Amino acid sequence: MLKKLVFNSKGRNILMLLCLLMIFSMNFAFAATYKNAQLHGFVTQAYSKTNANNFFGNSTGKGSFDYSEIGVNASVKASAKLRFAAQLLSRRAGKIDEGDVKLDFALIDYRIVDKSSFGLGLQAGRVKNPFGFYNETRDVAFTRESIILPQSIYFERTRNVSISSDGLHLYGHKQTSIGRLNAQLVTALPRVNDDNTEYALLNGSRPGSFRAKPSYIGRVRLESNDARLSAALSYVNLNMAYEPTTAEAAALNVSNKTDIQFDLRILSINYNLMKWSFTSEYAQRRLNFTGMGNYISAPVNNKVGESFYLQSVYRLNHQWNFLARYDVLYSDINDRNGELFAQALKASDAKNYSRFSKDFTVGVQFNISQRWMVRVEAHEVDGTAWLPTQDNPDPEKIQRYWRMLNASVSYRF
Amino acid sequence: MKLGRKKKPFLTYCSYSLSRCMTLVSLVTVSFFSFNSAVYAQDVIANSSSENIISANTLRQIYSMRLQTWRDGSGITVFVLNPAGERHRKFSLEILNVFPYQLQRAWDVLVFSGTGRSPVVVESEQEMISRVKSTPGSIGYIIDSEVPLDVKKVSIQ
């Protein structure tokens, strides 16, 4: 395996990229704070192997190294209350992301009130979307408990629409007797201008394009003073329109006034002990298309989907962590086993198991040092609801029951 | 009536023994913590321009990098020892009462979501003392060494 990695050209490229990044980051590692500026970054390289279905590249067969996350960010303090921050992100994830460098966030942050009893701040620019426990930092291995986040809620397909958006982020907190109450509200335009959005929503690359409309993301979170217990409620409402080409509109009966709405609500709970952490999130979502003609068939439109996971982490010591998680996604809460869907689309040979996913995961994490971390995890999956279409173009090859093994090395500075 | 007279001394006895128990527990707790602080200095120190007395909650907010300014509006600079080290662990558990892994995660989330900054890591307690002395608005902690006479010791309430 190693021999193959070193000698084939693709593997060599990855290794060279990693080496360069390590050298680059080492130089800054010891001078990450300079006067009012801070520089930070992270790198993760993962390996994925599946017995069927592709996840993060061509993972069947000998496995795939097509999953990496590289990010660099800077934060500059102009005064005690005013700050600028930006992050560049390059991500490779099979055919979903191919490594192009993207502006993840770039914002100006002003603290209007900054007291321990009460605080209020405003960010403007490209801001991260605050929902659930993990969304804002979903690409940073050190803020997750596993290589792959629970896909029922943080699925790959729609990640680019949901990671950050262009607009305003108002945040605040109030200290109460039981703990700290945080509230965040983002009002912004979602990032819809890439192929992924078309794959995620229209099942393939399309001639027309999406136009973002004002969208809202909010989260309220209560955290006990000792941070042991934390509970949050999130609400996401993303809006956009699809602008078809003339030919497309005629051929597929797409209206000139389309409307696409995505709603998501998440309840999140987290309880931490010295050795144990328990995390659970429950979500409901709805994706509603109006005027999209033949692109969207009635059996999949405007359905309420349901997701939840239960996760526990055991910390043996400060180096070894063990993870167990059960993660479930239903595309339609009224048709959990997908039978109605398969029946309705019998003519096109639709599979009922494409409407749910049940993933049981176990994993182990080893912290080599403050900056280095290694993980290995195994997934046992029933269903293909969150399987990325880009990596699995041939529906004939998709299988209901599949297994995945992942390994990763991460570095941060 | 009779029953009432019988019950009263019993309740008095209960509350008496309960208060005795609580006194005993608090005595044990106090002596346990004072024993701990006798072994390790474990002091929060600050630059002469920083505040003298802060609440436990405020200290937690400062160290989770959520509070950026002192009450007078000046900026706070936060120093920590190696976050993977034993001394930081002690500080985090015994003074902040927060698990170190949660503190680290809070910093990572702030840094990588653009909503905040990480504390400044210093290599030794010696460096901690000199950086705190020379950086206006700064706060830090020492675990094994004595607080020098010319450095402000912060009292936590």
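**Group meeting: a two-chain predicted model**

Let me start with one residue: Lys257(A) sits in the loop between helix H5 (246-252) and strand S11 of chain A. Helices here are DSSP runs of H or I with at least four residues, strands are runs of E with at least two, and both are numbered from the N terminus. Is Lys257(A) buried or exposed? Lys257(A) is exposed, at a relative accessible area of 74%. The cut-offs are under 20% relative accessible area for buried and over 50% for exposed, with partly exposed in between, using a 1.4 Å probe and protein chains only. Thr290(A) is 33 residues from Lys257(A) in sequence, and the two C-alpha atoms are 8.2 Å apart in space.

Before I go on, some housekeeping. This is a predicted model, where local features need pLDDT of at least 70 and side-chain atom pairs count only at pLDDT 80 or more, while totals for chains, interfaces and linings use all residues. Residues are numbered from 1 along each chain as its sequence is written, chains are lettered from A and ligands numbered from 1 in the order in which they are written, and side-chain values use heavy atoms, with hydrogens and water left out.

Next, helix H4 of chain A, residues 195-202. Six of its eight residues are buried, so helix H4 is largely enclosed by the rest of the structure. Which residues of H4(A) are buried? They are Asn196(A), Thr197(A), Glu198(A), Ala200(A), Leu201(A) and Leu202(A). In chain A, the buried residues of H4(A) pack against helix H3 (159-163) and against strands S5 (97-114), S9 (209-224), S10 (229-243), S11 (259-272) and S12 (276-290). Contact here means heavy atoms within 4.5 Å. Just after H4(A) comes Asn203(A), with a positive phi of about 65°.

Now salt bridges. A salt bridge is counted when a side-chain nitrogen of Lys or Arg is within 4 Å of a carboxyl oxygen of Asp or Glu. How many does the structure hold over all chains? The total is 28.

In one, the side chains of Arg315(A) and Glu145(A) meet at 3.9 Å, N to O. This pair links distant parts of the chain, 170 residues apart: Arg315(A) is in strand S13 (residues 304-315), and Glu145(A) is in the loop between S6 and H3. Arg315(A) counts as buried at 8% relative accessibility, and Glu145(A) is buried too, at 18%.

Another salt bridge joins Arg403(A) and Glu380(A), at 3.1 Å, N to O. Arg403(A) is in strand S17 (residues 401-412) and Glu380(A) in strand S16 (residues 372-383), so this pair ties together parts that are 23 residues apart in sequence. Arg403(A) is partly exposed at 49% relative accessibility, and Glu380(A) is partly exposed at 40%. Elsewhere, salt bridges that share partners put Arg91(A), Asp97(A), Lys102(A), Asp139(A) and Arg159(A) into one network. Within that group, the side chains of Asp97(A) and Arg91(A) meet at 2.9 Å, N to O, and both residues are buried.

On to chain B. Its secondary structure comes to five helices and seven strands, in the order α-β-β-α-β-α-α-β-α-β-β-β along the sequence. Of the 157 residues in chain B, 46% are buried. Among contacts in chain B between residues at least 6 apart in sequence, 69% join residues at least 24 apart.

Last, where the two chains meet. Chain A puts 50 residues into the contact and chain B puts in 34. The area buried between them is about 3,600 Å², with 47% of it from carbon and sulfur atoms. Buried area is the accessible area, with a 1.4 Å probe, that two parts lose on being put together, summed over both. On the chain A side, Gln38(A), Met274(A) and Gln370(A) lose the most area to chain B, together 15% of what that side buries.

How many salt bridges does the rule find across the interface of chain A and chain B? There are two. The side chains of Glu223(A) and Arg66(B) meet in a salt bridge at 3.0 Å, N to O. By class, the side of chain A that touches chain B has 16 nonpolar, 19 polar and 15 charged residues. Nonpolar covers Ala, Val, Leu, Ile, Met, Phe, Trp, Tyr, Cys and Pro; charged covers Asp, Glu, Lys and Arg; the others, Gly among them, are polar.
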